[in-house]
Amino acid sequence: MALTPFFVGGSDIFDPFNFDSLLFGNRLSDRTGGSSSYARDVAAVANTQVDWKETPEAHVFKANLPGLSKEEVKIQVQDGRVLQISGERKKEEISHGEKWHRVERAQGSFLRRFRLPETAQLEGISASMENGVLTVTVPKFQKPAPKTIEIQCS
């Protein structure tokens with residue numbers, strides 16, 4: 001299955017396969033030398049790490065979302081079979097008299113999408129968040145055991 005990260009902010013869409021957008025950004029201010037937080041916005045997407053494993057019973061997604069509360073994260077199923085995890089890492093407010101020396105933690109909106117396979121049971125999806133790790137469990141349809149038909153003699 002293909003994993004497709006996107007950047008959401010205004011009308012921009014981050015395309016990890018567009019090399020020019022990685023180098024130069026999508027915004028006019030990025031191309032004209034204006035100051036921008038584009039690199040941090042890209043980092044917000046790139047740093048939203050998601051693991052996807054399949055067990056016999058379910059598909060399990062685990063996303064590292066340090067510092068986010070469950071109210072800041074949104075989980076949806078769109079277009080029939082696309083699991084979407086989104087949210088925003090808000091910029092920390094600067095108080096009077098404070099001076100930042102380094103800003104490395106990613107901030108901005110993020111959106112990750114995963115096309116679910118046919119075996120995914122969309123009605124039973126559950127999610128939990130513990131210690132900055134979001135776990136989304138998508139149960140699978142269980143194949144019925146083969147039924148043996150007894151042959152009757154007449």
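Contact here means that heavy atoms lie within 4.5 Å. The model described in this briefing is predicted. Its largest nonpolar core has 15 residues, and strands β5 (58-64), β7 (82-89), β8 (108-115) and β10 (133-139) are the elements that each give two or more residues to this core.

**The nonpolar core**

- The residues with the most contacts inside the core are Phe 61, Leu 65, Ile 85, Leu 134 and Val 136.
- Strand β10 gives the most to this core, with 3 residues.
- Beyond its neighbours within four places in sequence, Ile 85 is in contact with Val 73, Lys 74, Phe 110, Leu 111, Arg 112, Phe 114, Leu 134 and Val 136.

**The open sheet of four strands**

- An open sheet is formed by 4 strands in the order β4-β5-β10-β9, with antiparallel pairing.
- Its edge strands are β4 (50-54) and β9 (126-130), each of which pairs on one side only.
- On average, and with direction ignored, neighbouring strands of this sheet are turned by 15 degrees against each other.
- Strands β4 and β5 are antiparallel and pair over 5 bridges; they form a hairpin with 3 residues between them.
- Within that pairing, Asp 51 has Lys 62 of β5 as its bridge partner.
- Strand β5 is mostly covered, as 5 of its 7 residues are buried.
- Strands β5 and β10 run antiparallel and are joined by 7 bridges; here Asn 64 has Val 133 of β10 as its bridge partner.
- Strands β10 and β9 pair in the antiparallel sense over 5 bridges.

**Strand β7 and its partners**

- Strand β7 is mostly covered, with 7 of its 8 residues buried.
- Strand β6 (residues 73-78) is joined to β7 by 6 bridges, and the two run antiparallel.
- Across this pairing, Gln 78 stands opposite Val 82 in β7.
- The hairpin of β6 and β7 has 3 residues between the strands, and Asp 79 in this hairpin takes a positive phi near 50 degrees.
- Strand β7 is also joined to β8 by 8 bridges, again in an antiparallel arrangement.
- Glu 88 stands opposite Ser 109 in β8.

**Ser 86 as an example within β7**

- Ser 86 has its place in strand β7.
- Ser 86 counts as buried because its relative accessibility is 13%, and the limit for buried is under 20%.
- Leaving out residues up to four places away in sequence, Ser 86 touches Glu 72, Val 73, Lys 74, Phe 110 and Leu 111.

How values were computed: Residues numbered from 1 in each chain as written. Predicted model: local features only at pLDDT ≥ 70, side-chain atom pairs only at ≥ 80, totals over all residues. Heavy atoms only, no water. Core = buried A, V, L, I, M, F, W, Y, C linked by side-chain atoms within 4.5 Å. Buried < 20%, exposed > 50% of the residue type's maximum accessible area, 1.4 Å probe, protein only. Pairing = 2+ DSSP bridges. Axes fitted to C-alpha atoms, helices over the stretch in contact; angles between N-to-C directions.
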